[in-house]
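Please open the model in a viewer and keep the selection tool at hand.

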Amino acid sequence: MPKKHGVNWANRRKFQTKNLWAGILFGLGFVAFMDETVFHQLLHWHKFYDKSTVAMGLVSDGLFHAFSWFATVGGLYLVADLRRQDALWHKMFWGGKLVGGGAFQLYDGTIQHKVLRIHQIRYDVDIVPYDVVWNGSAIIMIAAGFLLIRSAKQDSRGAGQVKPHAV
Amino acid sequence: MLYDSFFAVTDWLFGVSALLAIGLYLVGVYLSDRQERLRKWPRLRIVSWVSGAVLSASALVGPLAVLSHGNFIWHMAGHLLVGMLGPLLLALGAPMTLLLRTLPVRQARRVSRLLRSRLAGFYIHPVTAAVLNIGGLWLLYTTGLFAAMHHHLWLHILVHVHVFAAGYLFTVSMLYIDPVSRRFSYGYRTVVFILALAGHGILSKFLYAYSPHGVPVEEARAGAMLMYYGGDAVDLVIIVLLFRSWYLSSGSRRSAISPGVPVREMT
């Protein structure tokens, strides 16, 4: 049963890695889902398949797409599991989410778009600004994620010091 | 005229099979519900089984069967029904559990022995089921099999029976709704499932790029996209069900270890 008052730091610390992974998986899945919804379906910028794709690109795209589906659902079940154990740590989870989402976007923007040439962000335009914004925002997300994780760890240490020692 | 006799055969074959499946299941439910010591058979399972049988058959009988013969988009819609959605709904009907409940003890033992046999174990293995399911599709669409299927009745029947059986096998190798002889861990099933879904997605994009023999490019592309997104949608349901049972089983395991004792803060 989740406690009504106070924060269960012991449980948070015990499940720190699980909080982080729940975030990474959900972030990755969420960004992949947004990519599919916004850029493929709504804007129609991305192409389903682009003739310059190399064979490895199809494999990489297929694996990542499948993995992201599992990551979204799995990440959410991990959140449910953490909640049920009174161990959900929002700051750590958000840190993981930003790192996971940013990492996927960076991989998508560099390896998948450029090296494997699955598709470009948009067609019949000067692609450079699009690539800069895409990968730049990915790097910002990753950096913000790491800052959040660091801050969460500091909170945890601080909480340990404040608590009076009952010896 | 040749076509008429072609469809007459498949209509009869698949239509009667589906009706038989529904009829036998309902008889089973009736017999099971008559036994006082057993709890009533869940309504949802009946709904699931009947709709699974109807949807599977609807792709092979009547208008959709005729449409899918000449059009790749309809063919793909049919494929999603026969190979994915239909089998999933049928599996959720837990037919094997119903059978074991309904049969007299001696026969039920024989069936459960059969389920525990090495051959059944081979087919229900997640890797075998995934290879039969996804491998079969690669074979169908990247070789001359797809074109040949439209000219030979026996091949047409064989391919559709395979697609259905492999789809069902794959579903029950991922979700253990009915009893199985060997349970693979959730992690193991997840890894195999990711690879299988990737194989399905890659094949869809491959078909988008290289249309099967005799299929017009535009039709192949629309069909391939339907395969890709439709496959995602049905598999999402299986993923949610798989992870749900993982979540529930880890919860009950934990409470079995320390019933009702909350994790205390260390001092």
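A residue is called buried under 20% relative accessible area, exposed over 50% and partly exposed in between (1.4 Å probe, protein chains only). This is a predicted model, in which local features need pLDDT of at least 70 and side-chain atom pairs count only at pLDDT 80 or more, while totals for chains, interfaces and linings use all residues. Residues are numbered from 1 along each chain as its sequence is written, chains are lettered from A in the order in which they are written, and side-chain values use heavy atoms, with hydrogens and water left out.

Select A:Phe48 first. A:Phe48 lies in the loop between α2 and α3 of chain A (helices are DSSP runs of H or I, at least four residues). With a relative accessible area of 7%, A:Phe48 is buried. Leaving aside neighbours within four places in sequence, its contacts (heavy atoms within 4.5 Å) include A:His40, B:Lys205, B:Tyr208 and B:Tyr229.

Next, display both sides of the interface. Here 29 residues of chain A are in contact with 33 residues of chain B. A:Phe48, A:Phe70 and A:Tyr77 supply 28% of the area that chain A buries against chain B, more than any other three residues; buried area is the accessible area (1.4 Å probe) that two parts lose on being put together, summed over both.

Finally, select A:Asp61 and B:Lys205. Their side chains meet in a salt bridge (2.8 Å, N to O), defined as a side-chain nitrogen of Lys or Arg within 4 Å of a carboxyl oxygen of Asp or Glu. Colour α3 of chain A as well: α3(A) gives the most to the side of chain A that touches chain B, with 16 residues.

How values were computed:
Helices (H or I, at least four residues) and strands (E, at least two) are DSSP runs, numbered from the N terminus.
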